[in-house]
Amino acid sequence: MTTIINNNAAFSIEDFNLWYGNDQAIHQINMKIPRNEITAVIGPSGCGKSTLLKTLNRMIETIPSVNTSGSIKYNDKDIFSKKMLVEELRTHVGMVFQKPNPFPKSIYENVAYGPKIHGIKKKKVLDEIVEKSLRGAAIWDEVKDRLNQNAYGLSGGQQQRICIARCLAIEPDVILMDEPTSALDPISTLKVEELIKELKKDYTIVIVTHNMQQAARISDKTAFMLNGELVEFTDTDQLFSNPKDKRTEDYITGRFG
Amino acid sequence: MHTNNTSKLKNRVILNKLFKLLFIFATSIALLFLGVLIYRILSQGLDYLTIDFLKNYPAPYIEEAGIFAGLMGSLFMIAITAPVAIILGVSTAIYLEEYAKQNKFTRFIQVNVQNLAGVPSIVFGLLGLTFFVYMLELGYTLIAGALTMSLLVLPVIVVAAQEAIRSVPKELRDASIGMGATKWQTIWRIVLPASIPGILTGSILALSRAIGETAPLIIVGAAAAIYTIPDSIFSKYTVMPMQIWSWTSRPQEEWQYVAAAGIIVLLIILLCMNAIAVWIRNKFQNRY
């Protein structure tokens with residue numbers, strides 16, 4: 001992308017609504033997601049935070065009967081416009097899922113999958129991308145001697161870092177993370193959190209999490225959602241120490257949710 | 001109260017045993033008949049099953065009769081039927097599972113594919129006769145028979161392939177399209193490799209049924225006695241079950257033994273195909 005972008009938002013969400021059939025899951029959301037920062041989205045189950053995340057790379061469209069209104073701009077381009085190829089959007093906006101979902105292939109093939117589908121065939125280039133991505137995901141030292149083994153033989157935490165490496169291999173600008181540590185044990189969680197903080201230098205990260213401590217530990221900005229509405233979106237320190245909205249305060253002090 | 005409970009418990013335990021016995025009985029009936037069948041066929045046919053029997057064409061004399069034409073006919077037929085039915089069947093399954101919108105029309109097709117799987121084979125024979133033999137003017141040829149057989153096994157393969165494709169976890173598809181892969185790339189690189197064991201197992205079982213079919217082939221004109229093996233797809237042909245059927249319909253008792261030898265060959269081929277299906281299933285099981 002050669003256009004110079006003055007505005008500091010990776011995503012500008014304006015008056016956005018989303019329906020599953022007749023049920024409205026997201027109400028009138030306005031927010032700007034800043035570039036090269038970690039934005040956390042918190043809220044109780046069913047508040048629409050995962051839905052919002054999946055909308056950012058249009059993965060939500062894999063669910064039938066979804067309707068939207070309003071606009072979401074990625075780098076000032078409307079992601080819903082006809083000119084926007086969804087495949088291209090998803091190469092710029094990568095995603096890491098809740099449950100580690102490596103392919104039933106070797107570690108190498110998992111990471112090389114993205115570059116391969118985008119037309120890179122040369123073994124040497126692929127080798128470089130695989131090593132760089134695995135290093136980027138802080139798992140190279142653990143797997144470098146067994147790149148040809150099936151990724152299913154790894155632990156859950158390692159699998160999730162392979163999935164992050166797989167995402168890095170397509171060289172995205174933004175990484176969306178949908179509760180990436182909820183299926184992991186505390187030690188693996190810590191490793192993935194450290195990795196996320198490390199990735200901030202080069203990527204814009206949006207992370208949906210159930211875990212408020214996690215949001216407080218790693219994010220720069222935090223959004224609190226409730227019943228499909230964006231209640232409060234501000235600096236993480238501010239939100240956790242001095243929430244403006246009563247509902248935010250009730251949630252972070254554990255009065256509900 | 002306590003004794004009452006105990007007597008109730010006793011009843012339940014007895015009932016439990018009773019049902020276990022019932023199920024063992026049901027299973028043993030099936031096994032018994034299978035045993036009798038195998039014993040009868042082996043005792044009648046084994047003496048006639050010689051190398052010459054495998055190499056010879058049908059003949060008017062028992063000692064010269066052989067199943068070579070039928071064996072080769074069956075193999076040639078499967079060689080045509082398998083690719084036609086698998087390619088068409090898997091493509092249909094991909095369309096229904098991956099591309100078709102989930103609406104009434106799709107459901108209508110789904111239900112009817114399943115209905116087709118239950119249509120008697122002789123009906124497919126009539127369809128083949130009308131369409132391939134007369135309308136396309138293929139005549140009583142190998143290709144007409146093989147295409148008729150393809151239609152016969154197609155619904156079974158479609159249903160098996162659909163189930164295999166459906167069992168690939170959504171998470172894997174999401175991972176692929178989440179990286180900007182197109183639907184086709186996802187199907188070709190992720191969905192099909194993961195569902196190949198299911199597709200192949202289903203296809204082989206369907207084809208092993210086809211190899212034992214006689215009725216539709218009688219209608220589309222497989223020969224009962226033929227002295228050549230097919231040299232092109234427009235050749236006359238016969239298949240093993242046709243050959244066996246023609247032997248059993250002869251008056252002399254010894255022809256029954258020749259037929260039994262033919263059945264042994266047919267059974268061996270069926271067992272081999274089923275063994276391959278089981279092997280594939282075990283080899284690729286639990287991939288995700």
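Let's start in chain B, where Arg209(B) and Glu213(B) form a salt bridge, their closest N and O atoms 3.2 Å apart (a salt bridge being a side-chain nitrogen of Lys or Arg within 4 Å of a carboxyl oxygen of Asp or Glu). Arg209(B) is partly exposed at 42% relative accessible area, while Glu213(B), at 12%, counts as buried; buried means under 20%, exposed over 50%, and partly exposed in between, using a 1.4 Å probe and protein chains only.

This is a predicted model, so local features need pLDDT of at least 70 and side-chain atom pairs 80 or more, whereas totals for chains, interfaces and linings use all residues. Residues are numbered from 1 along each chain as its sequence is written, chains are lettered from A in the order written, and side-chain values use heavy atoms, without hydrogens or water.

Another chain B pair is Glu98(B) with Arg173(B), at 2.2 Å from N to O. Glu98(B) is buried at 13%, and Arg173(B) is buried at 16%.

Over in chain A, Glu171(A) pairs with Lys132(A) in a salt bridge at 3.6 Å, and both residues are exposed.

Now for the interface. Chain A brings 23 residues to the contact and chain B 18, where contact means heavy atoms within 4.5 Å.
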